[in-house]
Amino acid sequence: LLLLFFLAAAVAAPVWGKLAERIGAKQTLLAAMVLSIIAFSFAMLLGTGDTVLFAVICLASGAAVGADLTLLPAIFAQRMQTVAPNASEGFALWGFVSKLTLAFAAIALLPVLEASGFVSGPDNDADALRMLTLLYAGVPCALKLVAIGLLVATPIGRD
């Protein structure tokens, strides 16, 4: 399923690029972010053994990631050109912050998951599985909503 997720991202990336040429990068990225929220919202409804439904979610969320991987760097480069034309350090900062956020997520969320009683493997009670679902799907949806708000509020050349 993880392979399916990444294949969907790779296949969708050029489609997002073409759409961005047609309607603009910002509008296209907003559409992809909404797709991501919809896909992860359905992940919160899955139960044990819903493999086919999870595969569909992997396809949709992977396709949305294709936009993140292609359009976000392009929008960032365009924005950097406007605010600081000679600031190539911005991409180094981008890389650092993306790694830092992954580390922060692990530091902040894994102890919450452990405190809920979740253990790796099949033997978890309903409360631990609910917490896993909330952290896996609910938190990313909330963060994506914040990102949508920030993107809407940020002027980006040809919006």
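The axes of helix H1 (residues 2–23) and helix H3 come within 6 Å and cross at roughly 50 degrees, where axes are lines fitted to C-alpha atoms, for helices over the stretch in contact, and angles run from 0 to 180 degrees between N-to-C directions. H1 and H3 are therefore oblique to each other, given that angles under 35 degrees count as roughly parallel, over 145 as roughly antiparallel, 65 to 115 as roughly perpendicular and the rest as oblique. The crossing of H1 and H3 is right-handed; a crossing is termed right-handed if the near helix is turned clockwise from the far one by less than a right angle, and left-handed if anticlockwise.

The structure is a predicted model, in which local features need pLDDT of at least 70 and side-chain atom pairs count only at pLDDT 80 or more, whereas totals for chains, interfaces and linings use all residues. Residues are numbered from 1 along each chain as its sequence is written, and side-chain values use heavy atoms, with hydrogens and water left out.

On the H1 side, the contact with H3 comprises Leu-4, Phe-5, Ala-8, Ala-9, Ala-12, Ala-13, Trp-16 and Ala-20. Their counterparts in H3 are Ala-55, Cys-58, Leu-59, Ser-61, Gly-62, Ala-63, Ala-64, Val-65, Gly-66, Ala-67, Thr-70 and Leu-71, contact meaning heavy atoms within 4.5 Å. Classified by residue type, the contact of H1 with H3 has 16 nonpolar, four polar and no charged residues. In this scheme Ala, Val, Leu, Ile, Met, Phe, Trp, Tyr, Cys and Pro count as nonpolar, Asp, Glu, Lys and Arg as charged, and the others, Gly among them, as polar.

Helix H3 (residues 51–83) also packs against helix H4 (residues 89–115), their axes coming within 10 Å and crossing at roughly 140 degrees. That angle makes H3 oblique to H4, and H3 passes H4 in a right-handed crossing. From H3, the residues in contact are Leu-72, Pro-73, Phe-76, Ala-77 and Met-80, and from H4 they are Gly-90, Phe-91 and Trp-94. The contact of H3 with H4 has seven nonpolar, one polar and no charged residues.

At the level of the whole chain, the protein has five helices and zero strands, both being DSSP runs numbered from the N terminus, with helices as H or I of at least four residues and strands as E of at least two. The order of elements from the N terminus on is α-α-α-α-α. Along its principal axes the C-alpha trace spans about 55 × 30 × 25 Å. Of the 159 residues of the chain, 29% count as buried, where buried means under 20% relative accessible area, exposed over 50%, and partly exposed in between (1.4 Å probe, protein chains only). Among contacts with a separation of 6 or more, 70% are accounted for by residues 24 or more positions apart.

Electrostatic pairing was examined next. Side chains of opposite charge can pair when their charged atoms come close. The count comes to two salt bridges, each defined as a side-chain nitrogen of Lys or Arg within 4 Å of a carboxyl oxygen of Asp or Glu. In one of them, Lys-144 is paired with Asp-68, the closest N and O atoms being 3.1 Å apart. This pair links distant parts of the chain, with Lys-144 in helix H5 (residues 126–153) and Asp-68 in helix H3, 76 residues apart. Lys-144 and Asp-68 are both buried. A salt bridge is also formed by the side chains of Arg-130 and Asp-127, at 2.3 Å from N to O. Both Arg-130 and Asp-127 lie in helix H5, three residues apart, or about one turn of the helix. Arg-130 is exposed, with a relative accessible area of 53%, whereas Asp-127 is partly exposed, at 48%.

Leu-45 is found in the loop between helix H2 (25–43) and H3, and its relative accessibility of 65% places Leu-45 in the exposed class. The C-alpha atoms of Leu-45 and Leu-3 are separated by 22 Å, the two residues being 42 apart along the chain. Gly-49 likewise occupies the loop between H2 and H3 and counts as exposed at 63% relative accessibility. From Gly-49 to Leu-30 the C-alpha distance is 32 Å, for a sequence separation of 19 residues. Glu-114, located in helix H4, is exposed with a relative accessible area of 60%. Its C-alpha atom lies 42 Å from that of Leu-19, 95 residues apart along the chain.
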